[in-house]
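Subject: A structure for you to look at

Hi there,

Here is the structure I promised to pass on. Please have a look at it first, and then read my notes below.

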Amino acid sequence: MWPIMKITYREMLSKRIFTITILMSLAFLLLFGVATGYASRELGDILGNDAESLLQRSFLSTQLLGMGLYIGSFITALLAILSSVGSIASEVESHQIDTWLARALPRSKYLLGKFCGLASMLALYALMMFLGLLGINQFVGGGALAVPFSAGQVLSGLGFFVLMPIILVCVSLLLSSITTTVTGGIVLIILYGISFIGGFVEQLGSIVGEASLVNIGIISSLLFPTDSLFRKATIALFDTADDPLSFASQGLFGSTSAPSDAMLVYTLFYGAAALWLAVRLFARRDV
Amino acid sequence: MADYVIETWNLSKQYDGKAGCKNISLQVPRGSVFGFLGQNGAGKSTFVRTMLGLLHPTNGQAVMLGQPIESVESRRKVGYLPELFRYPDWLTGIQLLEHHAELCGLSRSARKPVIRDVLARVGLSGREKERIRGYSKGMQQRIGLACALLSDPELIFLDEPTSALDPIGRKEVRELIAELRDQGKTVFLNSHLLSEMESVCNHVGIIHRGELVVHGEWQKLSAVLPQVELTLGAGSRGALEQLPAFVTQKNLVKSDAELEQWLVTLDQEGRVPQLLEVLLARGAAVHEVVRKRQSLEEVFLYWVQKKEGEAHVAHHENHV
């Protein structure tokens, strides 16, 4: 499995999409840093130290960081999809896979090697993105915009944030092992889009008290549960959704309707099932 | 007991009941160079890919190096150069070989000399640090050949190994195959370039429309038609009139003022003494008798046409 992991690392690093994403991510972090810096300076001047100002400051700081995390999660998801959806399918299409599989290498090891390589690379990327955003919030945001959180909260939020691309890789490998790159890519982007929109619809439904909208969100999360991981990450980081003063429940990127622990278990099961299916179906596939 | 590296029993790989290969039962002896002949689309590559586990058989069984082809173990000492050789072009030649060497289980210390050796054998020494995307097609085929040889395989599948090579490259590959044969390796050679195979193969199998028509030792198969080339004196033509029934055909190949050369087809092996007896009794001046060996192309066409003829008869009978 290790040789396949190694070649997966090499492949990812050699691909232009990875280099471009890294450069664009750095540009995004720079932009986020500049915006945070300016906002921090402006708000420091405008807001005083009274209770109302403190609440406003806390709200704005979580909103700004929430927005950064949302876009960071979106970029991470796109990288996960684009780098993994063709990892098997494109090799089958070009027959590059033939000489690897003609070796005494079980297909399960090949697929799991790909998974470990992609998942670890993307987990590292997500970790850097998450810590980068938090670092900017803490050190550039300074006293005015720094969101106060404990190490436990950071670890918990990081766990959910990193889990999202790993789940995406599981599903991506399933699609890549049974269909073509283009088909797999389209299906995965649609699924991610459903989850993305469903997340907003659910929050909106929760805010206006419309159960049908919340149900649509729940169904979309069941169909593809990545958005609930983002919600979990913000809740873990900012507060608990059950708290009436929670800043995690407010604004465009807040989580008024918090995903349950059962949803988390479901998400983990979802990823594991996708990977298991990928191994099973790839073993039967003619390449 | 014969030692076979490949044995198959009714091995089939079909797509919706069509194409591919059907009911292939063959044995490939250890140490042989087995030429698998067939037209484009006859099912040669399908058979090889099924043997290597890339395709799953729809029927039948097969054993490779003593292991069923479904097991990973069957591929442990096997090398493969695919017909559609495509390698990650973002790797350098040496990186590709290192990854393959690792997959073959070669230790870090063993890899270097082995890689150096295979690079020299395929004529790529000095080019290994270049990216594969910069390689010509011929060089890509050579690096593929190097990959196939890395694990010191007992059995090597070469699927159209010279398709991208120039005449010098083709000669080098033929020499390499002969060298492998001398080392006791078994080479399974897929090709439709009959003249190339003729010089290196000692066993052949002919596949036509997915079905194995015949297989066996090339020496035996090349005697499909017992033929002799007779060189007679110019006045001996009369001796060839009304020959016994064991002479099935005679054709004048060339003639000049002094000599005539005839190609005579007999009904079976061992008739040459009888033929000579008849000719000499009739007073023919026999200058030379040479037993004619069929070329691989002739053998191939003979069997394919025979198979086509049988199929035509069967088709006709089914409609009557």
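First, the ground rules. This is a predicted model, in which local features need pLDDT of at least 70 and side-chain atom pairs count only at pLDDT 80 or more, while totals for chains, interfaces and linings use all residues. Residues are numbered from 1 along each chain as its sequence is written, and chains are lettered from A and ligands numbered from 1 in the order in which they are written.

**Chain A overall.** Chain A has 12 helices and zero strands (DSSP runs numbered from the N terminus, helices being H or I with at least four residues and strands E with at least two). Buried residues account for 46% of the chain; buried means 20 or more other C-beta atoms within 10 Å of the residue's own, exposed means 12 or fewer, and partly exposed lies in between, with C-beta atoms placed from the backbone.

**Helix α10 of chain A.** This helix covers residues 211-223. Its buried residues are A:Leu213, A:Val214, A:Gly217, A:Ser220 and A:Ser221. The buried residues pack against α9 (181-208), α11 (226-238) and α12 (261-284) of chain A.

**Where the chains meet.** On chain B, 21 residues are in contact with 18 residues of chain A (contact means C-beta atoms, placed from the backbone, within 7 Å). Helix α2 (residues 93-103) of chain B gives the most to that side of chain B, with three residues.

**Two loop residues.** Which residues other than glycine have a positive phi? A:His95 is one of them, with phi near 70°, and B:Gln242 is another, with phi near 45°. A:His95 sits in the loop between α4 (89-94) and α5 (97-101) of chain A and counts as partly exposed because it has 17 C-beta neighbours inside 10 Å. B:Gln242 lies in the loop between β12 (227-233) and β13 (247-255) of chain B and, with 8 such neighbours, counts as exposed.

Best wishes

Technical notes: Two residues are in contact if their C-beta atoms, placed from the backbone, lie within 7 Å. The expected span of a helix is 1.5 Å times one less than its number of residues.
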